[in-house]
Amino acid sequence: MENRTIKWGILGAGWIASQFARDLAFAQDAELRAVGSRSLEKAAEFAGKFGGKRAYGSYEELVNDAEIDIIYVATPHPSHKEHVLQCLRAGKAVLCEKPFTVNVKEAEEVVQYARENRIFLMEAMWTRFLPVIRKVREWIEEGRIGDVRLLKADFGFRTGVNPEGRLFKPALAGGALLDVGIYPLSFASMLFGAKPKQILSTAHLGETGVDEENSILLSYEGGQTALLSSAIRLNSGSDAYIMGTEGSIKIPSFFNAKSATLVASDGTEETFSDDRTTLGYVYEAEAAGQYLREGKLESEVISLDETLQLMRIMDEIRGQWGLRYPFE
């Protein structure tokens, strides 16, 4: 596959699929080969809008398209396991939208199949690949803020309650944690590792039974701490603050970061800005394509072991709240 265009398939034709497809048009050496939906009409409309070469009215037809190299799975949370396995069984590499699955049991089954059959698989944690986040990691690795001790990160927005909507329906794995809480949790994992020593959390479960807002405290063997929150009924913002012994870094809207400011202990400031015109999904798409060209089976930026551990953490957190989905 070296030096050739990566041909993408998109499984699902909803909002997140459209965001990814819009950015894929800007990815180097990549093209949207086909989209699959349960509705041929919807798939055709999607393909026409985003330059897809083919439209399929079933997922089975999509995964069996011999010219597709990799499939982006963009269906609702509870469908991820089924659809990722469907792709893998057809021999297709997969980039799966976060959260990877609903729980670690599902994630382990998917990862085991991919590893046993030597097929590329990756969680679509696009934040990791943004230029600003790469710069932040460089600053930290260079020791620019000393020993990193504390992370404060939130991701919350306010939306109206819709008991049948994706965010509020237990049967669709609704709630803040899986939808947006994965972002601060993954960010903490990036900084401090995926295995905290202690996990403390609290949540407000709304009238439909899912978490409408939550707060999480993670502590680590090295003494580091992460203070995290997520919400679907509170506009708590989405900023991240990284505190070290020799300075700090602020990242506004860290999940789609376009800038970061480093403040050294002597008060001097440095800001790194990304003036991209894309949404930011282009970077994970290009990274996945490069992994395929290099013959890799997973990403070193967001490894499958880290994805599994993040699912374990979210399972434990939900266990502390007594939140189980009806299909579990």
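**Ground rules**

I am working with a predicted model, where local features need pLDDT of at least 70, side-chain atom pairs count only at pLDDT 80 or more, and totals for chains, interfaces and linings use all residues. Residues are numbered from 1 along each chain as its sequence is written, and side-chain values use heavy atoms, with hydrogens and water left out. Helices (H or I, at least four residues) and strands (E, at least two) are DSSP runs, numbered from the N terminus.

**Helix 5 against helix 9**

I began with helix 5 (residues 104-116) and helix 9 (residues 304-321), which pack at about 165 degrees with axes 9 Å apart. That angle makes helix 5 roughly antiparallel to helix 9. For the record, axes are lines fitted to C-alpha atoms, for helices over the stretch in contact, and angles run from 0 to 180 degrees between N-to-C directions. Angles under 35 degrees count as roughly parallel, over 145 as roughly antiparallel, 65 to 115 as roughly perpendicular, and the rest as oblique.

Which residues make the contact? On helix 5 I listed Val104, Ala107, Glu108, Val111 and Arg115, and on helix 9 Leu304, Asp305, Leu308, Met311, Arg312 and Asp315. Contact here means heavy atoms within 4.5 Å. By class I got six nonpolar, no polar and five charged residues. The classes go like this: Ala, Val, Leu, Ile, Met, Phe, Trp, Tyr, Cys and Pro are nonpolar, Asp, Glu, Lys and Arg are charged, and the others, Gly among them, are polar.

**Helix 7 against helix 9**

Next I looked at helix 7 and helix 9, which pack at about 125 degrees, axes 10 Å apart. Helix 7 and helix 9 are therefore oblique to each other. Helix 7 brings Leu177, Leu178, Ile182, Leu185, Ser186, Ser189 and Met190 to the contact, while helix 9 brings Glu306, Leu310, Ile313, Met314, Ile317, Arg318 and Trp321. I noted ten nonpolar, two polar and two charged residues in this contact.

**Helix 1 against helix 8**

The axes of helix 1 and helix 8 (residues 281-293) come within 8 Å and cross at roughly 70 degrees. These two helices are therefore roughly perpendicular to each other. Ile16, Gln19, Phe20, Asp23 and Leu24 of helix 1 meet Tyr281, Val282, Glu284 and Ala285 of helix 8. That contact has six nonpolar, one polar and two charged residues.

How big is the largest pocket? I read a volume of about 690 Å³. Of its 34 lining residues, Trp15, Ile16, Lys98, Arg166 and Asp179 are the closest to the centre. Helix 1 (15-24), strand 7 (148-158) and helix 7 (176-192) each supply at least two residues of this lining. The lining splits into 15 nonpolar, eleven polar and eight charged residues.

My working rules: on a 1 Å grid over the protein atoms alone, a cavity is a set of points where a 1.4 Å probe fits but cannot get out, and a pocket is an open set with protein on both sides within 12 Å along at least five of seven lines; lining residues have an atom within 4 Å of a point. Grid points are joined across faces, edges and corners, and a volume is the space filled by probe spheres set on the points.

The second largest pocket holds about 220 Å³ of space. Helix 5 and helix 9 each give at least two residues to its lining, which includes Lys81, Glu106, Asp315 and Phe327. I counted two nonpolar, two polar and eight charged residues there.

**Cavity**

I found one cavity of 30 Å³ or more. The largest cavity has about 40 Å³ of space, and Met125, Thr127, Arg128, Tyr183, Ser186, Phe187 and Met190 line it.

**Backbone spots**

Where is the cis peptide bond? Lys98 and Pro99 are joined by it, with omega about -10 degrees. Pro99 sits in the loop between strand 5 (93-97) and helix 5.

I also noted Asp29, whose phi is near 55 degrees, a positive value in a residue other than glycine. Asp29 lies in the loop between helix 1 and strand 2 (30-36).
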